[in-house]
Amino acid sequence: MTKKDGGDFDSADASENQVIFAGLPNETITELQDLLIAKDVYPERLEISTLACLGALVDYLKFPKNKQPVVVLELDMDIAYSFIVSQEGLLASRLLPQGLKSMLPVVQKELGLKDEESARKLFFSNTFDFTGMGPKLISRLINELQSSIGFFEVQTGQSIGSVICPNLSAKLNWLEGVIASQMGVQTLDINLGWVTQTGPPKRLVWMG
């Protein structure tokens, strides 16, 4: 395990009070792959992992010389993961107890649906425009997120400049714009010309 300057991390002498663990032994990965193959489980698509995504964003933020930190929000069904990154590295991370599932009761109530399962099917069907209802759907999530961001901004004196939600499906892409609007920031638009000018990202740095 290494520190942000590349030196060895010593828990006894470390001035940092936070640390991020990334990776696992190759043997563990091989065992898991063999287990999945033995059960005839194969992927339908490939997605960039959280760690690789954060590393790429840290590298990208050096390209336009954007000095304001960015919130990276990954929404799962039950929870959300909030990360704050800048060109310096990963500045903060927090698990939020509000995921996509927390929006379903609001959908059910607002549309007068008979049960939550009906709300789920409609929410993920891409047949209804939820943009106008968006602020109500994410109100609890935004409260949690703004609390986390507020603490970060007070602690560091830095203001969040934009937000990106990298793992949303095409049917839920509208959520990113609603989240940005409720946060009072812009969405982060990626200029892929950065890849050809800078090459692949080197590594993720944790700023403890």
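Before selecting anything, note that a residue is called buried when its relative accessible area is under 20%, exposed when that area is over 50%, and partly exposed in between, as computed with a 1.4 Å probe on protein chains only. Helices (H or I, at least four residues) and strands (E, at least two) are DSSP runs, numbered from the N terminus. This is a predicted model, in which local features need pLDDT of at least 70 and side-chain atom pairs count only at pLDDT 80 or more, while totals for chains, interfaces and linings use all residues. Residues are numbered from 1 along each chain as its sequence is written, and side-chain values use heavy atoms, with hydrogens and water left out.

**Stop 1: strand 1**

Select residues 70-75, which make up strand 1, a mostly covered element with 6 of its 6 residues buried. If you show the side chains, you will find Val70, Val72 and Glu74 pointing one way, whereas Val71, Leu73 and Leu75 point the other way, and all of them are buried.

**Stop 2**

Two strands are said to pair if DSSP finds at least two bridges between them. Within strand 2, look for Val85, the bridge partner of Val70. Strand 1 and strand 2 together form a hairpin, with 4 residues between them.

**Stop 3: the salt bridges**

Side chains of opposite charge can pair when their charged atoms come close. A salt bridge is counted when a side-chain nitrogen of Lys or Arg lies within 4 Å of a carboxyl oxygen of Asp or Glu, and the structure holds 4 of them.

Select Lys101 and Asp78, whose side chains meet in a salt bridge of 2.9 Å, N to O. This pair links distant parts of the chain, 23 residues apart, with Lys101 in the loop between strand 3 (89-96) and helix 3 (104-111) and Asp78 in the loop between strand 1 and strand 2. Lys101 is partly exposed at 33% relative accessibility, and Asp78 is partly exposed at 48%.

Move on to Glu110 and Lys136, which form a salt bridge with their closest N and O atoms 3.3 Å apart. Glu110 lies in helix 3 and Lys136 in helix 5 (residues 134-137), so this pair also links distant parts of the chain, 26 residues apart.

Finish with Arg120 and Glu117, another salt bridge, with 3.6 Å between the closest N and O atoms. Because they are 3 residues apart in helix 4 (residues 116-123), Arg120 and Glu117 are separated by about one helical turn.
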